[in-house]
Structures are given as C-alpha cells and as structure tokens.
Amino acid sequence: SVPVPQEAGPTMVGDEHSDPHLMSILGATKRSTLGNNFCEYYVNDAPRVVLDKLESLGYRVVSMTGVGQTLVWCLHRE
C-alpha cells in the first residue's frame, strides 16, 4: 500500500521492511521520525508521479481509501 500524507509530496512509499531494490527505483530515502522506533521510506514526488512509476513496473491500483487526511492506495503486481 502507498499511504500519502499530502497531495503534493512528500509521499510515503514503504516501511522499513519494504523491498530495498524497489525503494531505490522509486528514489526513496529511509527516514526515522524522532520518537518512533521504526523507519519509513519517502520520496519528494507527488502521489501521481509515484503511481505512474509503479504502473510502469507492472503494478496496478486495486483499491484506495482515505484515513483521516491521508490517502492510501493498495497496489498489486502479477
């Protein structure tokens, strides 16, 4: 899934257990927020740019929902 805290970026694209190769392709960097005991991957791209990149890699949007002010996309690759 791809949670998105803002419409224009940065976009959170994974957690500390995400595929490092995919995160590299997306240009993501791993960040740890003070007070959290986990890391997340972020890119500075807007969500539509991230979704376009994932589509070119064979991923398709399966569902989307809103959680508070965050949008979450669930993608699948065959």
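I'll start with the core: the largest nonpolar core has 13 residues, and Val13, Met23, Leu26 and Leu54 have the most contacts inside it. By nonpolar core I mean a set of buried Ala, Val, Leu, Ile, Met, Phe, Trp, Tyr and Cys residues joined through side-chain atoms within 4.5 Å. Buried is under 20% relative accessible area, exposed is over 50%, and partly exposed is in between, with a 1.4 Å probe and protein chains only. At least two residues of this core come from each of helix H1 (20–26), strand E4 (39–43), helix H2 (47–56) and strand E6. Helices (H or I, at least four residues) and strands (E, at least two) are DSSP runs, numbered from the N terminus.

A word on the source: this is a predicted model, where local features need pLDDT of at least 70 and side-chain atom pairs count only at pLDDT 80 or more, while totals for chains, interfaces and linings use all residues. Residues are numbered from 1 along each chain as its sequence is written, and side-chain values use heavy atoms, with hydrogens and water left out.

Back to Leu26. Leaving aside residues up to four places away in sequence, Leu26 touches Val13, Val43, Asp45, Lys53 and Leu54; contact here means heavy atoms within 4.5 Å.

Next, H2. Its buried residues are Pro47, Val50, Leu51 and Leu54. Seen down the helix axis, these fall within an arc of 100°, so they line one face of H2. The arc is taken over the directions from the helix axis to the C-beta atoms. Arg48 and Ser56, on the other side of H2, are exposed. Just after the helix, Gly58 has a positive phi of about 100°.

Now Ser18, in the loop between strand E2 (11–15) and H1. Is Ser18 buried or exposed? It counts as buried, because its relative accessibility is 17%. A polar atom of its side chain lies 2.9 Å from the backbone nitrogen of Asp15. Ser18 also touches Met23 and Tyr41, again not counting residues up to four places away in sequence.

Last, the hairpin. Strand E5 (residues 59–67) and strand E6 (residues 70–77) run antiparallel and are joined by eight bridges; two strands pair if DSSP finds at least two bridges between them. Thr65 stands opposite Val72 in E6. Two residues separate the strands, and Gly68 in the turn has a positive phi of about 65°.

Glu78 is in the segment after E6, and it counts as exposed because its relative accessibility is 88%. The C-alpha atoms of Glu78 and Arg60 are separated by 8.8 Å, with the two residues 18 apart along the chain.

Note on methods:
Polar contact = N/O pair within 3.5 Å; in protein donor to acceptor, adjacent residues only side chain to side chain.
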